[in-house]
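Here's a quick tour of a protein model, topic by topic. Keep the 3D view open while you read.

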Amino acid sequence: MNVYLELLAREASAVEFEGPILQARAAGADAATLEELEQAKVAALRVRGMLRRRARREAELSALFDTASDLAGLRDLDAVLEAIVRRARQLLATDIAYMTLNDPERGDTFMRVTDGSISAHFRRVRLGMGAGLGGLVAQTGTPYNTADYFADPRFRHTTTIDEAVAEEGLVAILGVPLRLGTQVIGVLFAANRSARPFAQEEVALLCSLAAHAAVAIDTARLLQETRAALAELSEANTVISAHSEAIERAADAHDRMTGLVLRGGGVEDVAAVVTEVLGGSLTVLDDEGAPLVGQSGDLDAGVFDAAQSSRALGRTVKRGGAYVASVDVGAAPLCTLVLRTDHTVSDTDQRILERAALVTALLLLFRRSVAEAEGRVRGELLDDLISRPELDGLHDRARRLGIDLHAPHVLVVARHEGQRERAAFWASSQATLAHGLAAARGDEVVLLLPGDKPGMAARRVAAELSASLGRPATAGAAVSGGPGPSVAAAYREAHRCADALAALGRTGDGASAEELGFVGLLIGERREVSGFLDAALGPVLDYDARRGTALVKTLAAYFGCGGSLSRTAEALHIHVNTVTQRLDRVGQLLGGDWQEPERALEIQLALRLHRLRTHMPQA
């Protein structure tokens, strides 16, 4: 019996187990011995079959264990499915193994993985639901096998499938469903290129592999969905974090701007906060489009159109590289913020710009209210100084406003046509900047400004007010305070001066009484004869005083003789050439226009006044 144990130990083939009986029969063994050997042979073959089944089962379990390990460490679905199909081919000892999956969108199945295939057409084939053996398995969810595919009438043959099967050379096919719960998602196949039956154990083994494949596919799907969900959560977290940071930044900017307002900060401080938080450069424009902060040189018409759109929408408007936020009051623009930056400004950050525009608008409205209130106080004081100079406490009221009425001031009366509110606002602003007073009185504004040069002040006021109003303004001026007249007297003189400029056709000009020649002498409050003489004859009088000449006498004789050189020479008993030389000198001193009618009239009047003063007794 030891001989059979040796055969079992070296895993001999079934034919070799006949050898001991044949040898015994050849040696003439009796029937009992032969019977004993036959029984031992049958037992050994039975043990051999059991060992082979156990070895096969061990291989199957090992394959299933390896497949489970693949699933536990699933990284690449394709690699796991290929391993399952390859193990199915090896364990069932078939020529080919392959897997198809259902396509819900197209309503058929497609080839997913193959192992042992030699036909490209077979690897690309698609099976309709219910067509072919695989279609039947996918539709019914039941394993099917056939020993001869083309001779089997149990399923519907189609030309496309049959051509692919024929090109691959398949004959025997086994297909089992891939199930996820009650749903069939595909089919796992094992096939031979020759006729062969498939045992029930083989069907069960392929079903186990199919179950693993279904788990792998579902796990991969869940992993993909999990990764997608994680990616969405990460993206959402990024968005939420960015949004949270933007909200915190906006809240911080709002708190800082509010604190600035409470601490008495200005427009420049608000602009600094905006540029610090948002970056870039900021230009702040007033209601007329003039820059309060920054430069307006790079602003084009598109920016001002964007400002109009911003006011209409109540939102920031982007034009090119500029973000524009504008605020209006009563449909009139109040301020505009223009932010220029190289990076994109988010919607949340645009709210910061809009908030800054509102804070700037509040500051400007507050400034305007303060200016209007102060302007009313200053205007009321100036009105009282002009109309009711006898009131008590005027100097104290002026002193509380920082004005010393005893110091020299220039009072300017500026005539304009229409736009009273604009003219009054301009005058109030000018007076505030110069630490003076301003009042609006009908179609004129009155300013009391520190200084002692009325002519210069009148011309400046006329020019700047004309530019502001877009139409000519005429200004007359007089000095008050110090040794000069009172504010009321200076007002009367400046008023007459403005009337005289209008009567002389000099609308849009500015002047003092001293600059109007003899007209100024007539309208001046103090009748400044000395000033008139100095303006008309001063250079000639000085020349005579220094040189001992008789230019004034010659001028008087010349005008007294009707401008005749010969008669002048006779009256003075000098030669005509001497008269000519003296008059040339006069021309050099007074200017070439001294004989023009208006200038000649002033000179003659000055000569008469000089003669009167010379011959009148001094007080």
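Which residue in strand 5 does Thr146 stand opposite? Thr146 faces Ile173. Keep in mind that this is a predicted model. Now for the wider picture.

- Six strands line up in the order 3-2-1-6-5-4, making an open sheet with antiparallel pairing.
- Strand 3 (126-128) and strand 4 (144-146) sit at the edges, and each of them pairs on one side only.
- Going from one strand to the next, the twist averages 25 degrees.
- Strand 4 teams up with strand 5 (residues 172-180) through three bridges, in the antiparallel sense.

**A helix across the sheet**
- Helix 4 (residues 77-92) lies across strand 1 (96-103), strand 2 (108-115), strand 5 and strand 6 (183-192).
- Relative to strand 2, helix 4 runs at about 70 degrees.

**Two helices packed together**
- Helix 18 (residues 551-560) packs against helix 20 (residues 576-590) at an angle of about 105 degrees, and their axes are 10 Å apart.
- Angles from 65 to 115 degrees count as roughly perpendicular, so helix 18 is roughly perpendicular to helix 20.
- On the helix 18 side, the contact is made by Leu551, Thr554, Leu555 and Tyr558, while helix 20 brings in Arg582, Leu583, Arg585, Val586, Leu589 and Leu590.
- Sorted by class, that contact has seven nonpolar residues, one polar and two charged.

**Cysteines**
- You'll find zero disulfides in this structure.
- Cys497 is buried, because its relative accessible area is 0%, and the cut-off for buried is under 20%.
- Cys207 has 27% relative accessibility, so it counts as partly exposed.

Terms used:
Residues numbered from 1 in each chain as written. Predicted model: local features only at pLDDT ≥ 70, side-chain atom pairs only at ≥ 80, totals over all residues. Heavy atoms only, no water. Disulfide = S-S within 2.5 Å. Buried < 20%, exposed > 50% of the residue type's maximum accessible area, 1.4 Å probe, protein only. Pairing = 2+ DSSP bridges. Helix = DSSP H or I, 4+ residues; strand = E, 2+ residues; numbered from the N terminus. Axes fitted to C-alpha atoms, helices over the stretch in contact; angles between N-to-C directions. Contact = heavy atoms within 4.5 Å. Parallel < 35°, antiparallel > 145°, perpendicular 65-115°, else oblique. Nonpolar A, V, L, I, M, F, W, Y, C, P; charged D, E, K, R; others polar.
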